[in-house]
Amino acid sequence: MTEEDDLPANFLTEKMQHSSGELVPPDGLCWLSVLFCLMLACFYVGSLYVWRSHLPRDHPAVIKRRFTSVLIVSGLSPLFVWAWRESAGVVNGPSLLVLMGIRFEGLIPAIILPLLLTMVLFLGPLMQLAMDCPWSFTDGIRVAFDPWFWMLCANDMRWLRNQVVAPLTEELVFRACMLPMLVPCAGPSTAIITCPLFFGVAHFHHVIELLRFRQGTLLGIFLSAGHLIGPVLCHSFCNYMGFPAISTALEHPYRLTVLSSYLLGVLLFFLLLFPFTDPSYYSLPVCTLTSFPSSSCLS
């Protein structure tokens, strides 16, 4: 068996160049990747503002119209990845769905571990929420399993937008579709820095989105797990929790306990980050989303 036979399928076979024994992206690949990502970001943003209305963005009619356009764009977004593959000359690679993190292998860990890791990071806000909540723990469990509660949520357009449609469509477009185009060009580290910039295009009215630590975390989860479901659930959870209210924590009656929880959550997050994002938990070949894999990648 030749060395070429040992190489995994996910690379640009005929357009790769060799420099000092290392594989480097072919000329123009990065510009092509950035162009397709920028087009996809503008396509997504344009769908939000295609409807002209004087109503506020939280009005149910506005939300429903945006649901329609955003879901159409999200459904068409895999075509951008397919067009990029054809233009870049990727041959014999994994299926489009697998490349975008839509697969069954490792699904259960991809649901549990990233969400648990994100909840650890939000230990302080969760502790603050538990202290201020008038419900007991049993009341919370009872509500969580009450079908009427979820029916009420499903009838709330703002809840559907923040907890379902926005996380699903944004992660599909800005994570599942863009990362497969950026990583082969720039590598995982640079892609983690670059991808939030395209996400910021869709949130230019919220500049803080460009600075949120959450974006890098979700990118790392996608790269490590190779699953779309993990970032979607974490995104939904982050939308529910909102940005940590540090100023409120400083004025809390149990300030020391709450602030200690904030600190403990951050420390535990960094302690568990690499163990919880180990690709072996998710049945993911280590090389699947790396820039240009070598024959040493593991299955």
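Helices are DSSP runs of H or I with at least four residues, and strands are E runs of at least two, both numbered from the N terminus. This is a predicted model, so to speak of local features a pLDDT of at least 70 is needed, side-chain atom pairs count only at pLDDT 80 or more, and totals for chains, interfaces and linings use all residues. Residues are numbered from 1 along each chain as its sequence is written, and side-chain values use heavy atoms, with hydrogens and water left out.View 1. Thr68 sits in helix α3. At 43% relative accessibility, Thr68 is partly exposed (buried means under 20% relative accessible area, exposed over 50%, and partly exposed in between, with a 1.4 Å probe and protein chains only). Look from Thr68 across to Leu48: they are 20 residues apart along the chain, and their C-alpha atoms are separated by 9.5 Å. Tyr44 belongs to helix α2 and is buried, with a relative accessible area of 3%. From Tyr44 to Ser69 there are 25 residues along the chain, and 8.6 Å between the C-alpha atoms.

View 1. Phe43, Ile72, Leu76 and Leu79 make a nonpolar surface patch of about 350 Å². To join a patch, a residue needs over 30% relative accessible area and no salt bridge; like charges are joined within 9 Å, and nonpolar side chains (Val, Leu, Ile, Met, Phe, Trp, Tyr) within 5 Å. The areas come from the Shrake-Rupley method with a 1.4 Å probe, and for residues only the protein chains shown count as cover. Phe43 is found in helix α2, which covers residues 29–48. Phe43 is partly exposed, at 34% relative accessibility.

**View 2. Salt bridges around Asp58.** The whole structure holds four salt bridges, a salt bridge being a side-chain nitrogen of Lys or Arg within 4 Å of a carboxyl oxygen of Asp or Glu. Here Arg57, Asp58 and Arg161 are linked in a network of them. Between Asp58 and Arg57, the closest N and O atoms are 3.8 Å apart. Between Asp58 and Arg161, the closest N and O atoms are 2.8 Å apart. Asp58 lies in the loop between α2 and α3 (60–76) and Arg161 in helix α10, so this pair ties together parts that are 103 residues apart in sequence. As for cover, Asp58 is partly exposed at 35%, Arg57 is partly exposed at 42%, and Arg161 is buried at 14%.

View 3. Glu171 and Arg175 form a salt bridge, with their closest N and O atoms 2.6 Å apart. They are four residues apart in helix α10, which means about one helical turn separates them. An α-helix has 3.6 residues a turn, so residues three or four places apart point the same way. Glu171 is buried at 0% relative accessibility, and Arg175 is buried at 0% too.

**View 4. The enclosed helix α11.** Helix α11 covers residues 179–186, and seven of its eight residues are buried, so the rest of the structure largely encloses it. The buried residues in α11 are Leu179, Pro180, Met181, Leu182, Val183, Pro184 and Cys185. Just after α11 comes Gly187, with a positive phi of about 90°.

**View 5. The largest pocket.** The largest pocket holds about 1100 Å³ of space. On a 1 Å grid over the protein atoms alone, a pocket is an open set of points with protein on both sides within 12 Å along at least five of seven lines, whereas a cavity is a set where a 1.4 Å probe fits but cannot get out; lining residues have an atom within 4 Å of a point. Grid points are joined across faces, edges and corners, and the volume is the space filled by probe spheres set on the points. The lining has 22 residues, with Leu126, Leu129, Gly140, Ala144 and Tyr240 nearest the centre. At least two lining residues come from each of α6 (107–121), α7 (123–132), α8 (137–144), α9 (147–154), α10 (157–177) and α14 (229–241). In the lining, 18 residues are nonpolar, four are polar and none is charged (Ala, Val, Leu, Ile, Met, Phe, Trp, Tyr, Cys and Pro count as nonpolar, Asp, Glu, Lys and Arg as charged, and the others, Gly among them, as polar).

**View 6. Leu115 and Cys234.** Leu115 lies in helix α6 and is partly exposed, at 23% relative accessibility. Leu115 and Cys234 are 119 residues apart in sequence, yet 5.4 Å apart in space, C-alpha to C-alpha.
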